[in-house]
Amino acid sequence: DTCYCQENYTGNECEFTECFGVNSTSASVCSGHGSCLSPNNCSCLGGYVGNECQYNVCYDLVDTDPDVCSGHGSCDAPDNCSCADGYTGYECNINICYSVNGTSTAVCSGHGECVAPNNCTCEEGYTDEECSTSICYGINGTAGDVCSGHGVCTAPDNCLCDDKYTGHECNVVVCFNINATVAGVCSGHG
């Protein structure tokens with residue numbers, strides 16, 4: 001009593017189907033992501049597609065689609081993107097700038113927008129890679145001549161003057177607590 005099974009059937013009595021060479025009772029049938037309904041006919045679990053249920057689906061895109069995970073990651077399991085460096089988010093659609101999530105209010109020092117990984121576009125009045133340096137009256141806040149060389153640029157166009165200097169750009173000398181531009185400073189003889 002020996003049965004000789006037709007193609008894609010197996011078992012002592014040819015009672016099991018095969019899908020793509022794998023017995024329907026095997027855990028690896030249909031790539032382990034579906035069931036073999038009839039010869040070479042897999043019914044895939046949710047999140048998997050393909051003749052053999054071999055492809056993951058992430059947010060309605062098959063893992064072979066170049067736009068899966070926003071084109072910035074790989075679909076490792078159904079709706080599970082593994083993001084490339086510089087990106088985050090469920091679909092890898094959020095840029096990271098200098099280790100700060102692009103949706104955070106702290107990104108780009110709170111003075112700009114993270115337009116690509118480690119690429120900030122600064123608001124007016126701020127500069128440098130992370131938008132952390134103020135500009136005072138057209139001069140970079142880290143330059144030696146900012147605030148006329150007599151103060152610190154604390155915010156855009158906002159100088160904190162050293163003692164003995166005043167004015168918006170710290171360019172006015174103070175003598176005996178009197179502004180040097182006032183007539184009569186130094187008794188009118190200085």
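The structure is a predicted model, in which local features need pLDDT of at least 70 and side-chain atom pairs count only at pLDDT 80 or more, while totals for chains, interfaces and linings use all residues. Residues are numbered from 1 along each chain as its sequence is written, and side-chain values use heavy atoms, with hydrogens and water left out. The protein chain has 23 strands and zero helices. Here helices (H or I, at least four residues) and strands (E, at least two) are DSSP runs, numbered from the N terminus.

**Overall form**

- The C-alpha atoms of the protein chain fill a box of roughly 130 × 20 × 20 Å along the principal axes.
- The radius of gyration of the protein chain is 34 Å, whereas a compact globule of 190 residues would have one near 16 Å. This radius is taken over C-alpha atoms, and the globule rule is 2.2 Å times the number of residues to the power 0.38.
- The accessible surface comes to about 11600 Å², and 45% of it belongs to carbon and sulfur atoms. Accessible areas come from the Shrake-Rupley method with a 1.4 Å probe; for residues, only the protein chains shown count as cover.
- Of the 190 residues, 22% count as buried. Buried means under 20% relative accessible area, exposed means over 50%, and partly exposed lies in between (1.4 Å probe, protein chains only).
- Among contacts (heavy atoms within 4.5 Å) between residues at least 6 apart in sequence, 6% join residues at least 24 apart.

**Strands β6, β7 and β8**

- These three strands form an open sheet in the order β6-β7-β8, with antiparallel pairing. Two strands pair if DSSP finds at least two bridges between them.
- The edge strands are β6 (48–49) and β8 (61–62), each of which pairs on one side only.
- Two bridges link β7 (residues 55–58) with β8 in the antiparallel sense.
- Cys-58 stands opposite Leu-61 in β8.

- Strand β14 (residues 112–116) runs antiparallel to strand β15 (residues 119–122), and four bridges join them.
- The two strands form a hairpin with two residues between them, and Asn-118 in the turn has a positive phi of about 50°.
- Gly-112 stands opposite Cys-122 in β15.
- Glu-113 is placed in β14 and counts as exposed because its relative accessibility is 52%.
- Not counting residues up to four places away in sequence, Glu-113 touches Cys-108, Asn-119, Cys-120 and Thr-121.
- Glu-113 and Cys-170 are 57 residues apart along the chain, and their C-alpha atoms are separated by 31 Å.

**Gly-151**

- Gly-151 belongs to strand β19 (residues 151–155).
- With a relative accessibility of 17%, Gly-151 counts as buried.
- Leaving aside neighbours within four places in sequence, the residues in contact with Gly-151 are Val-146, Leu-160, Cys-161, Asp-162 and Cys-170.
- Cys-83 is 68 residues from Gly-151 in sequence and 45 Å from it in space, C-alpha to C-alpha.

**Positive phi in two loops**

- Most residues other than glycine have a negative phi.
- Cys-14 is not a glycine, yet has a positive phi of about 60°; Cys-14 is in the loop between β1 (9–10) and β2 (16–19).
- Phe-20, also not a glycine, has a positive phi of about 55° and lies in the loop between β2 and β3 (22–23).
- Phe-20 is partly exposed because its relative accessible area is 32%.
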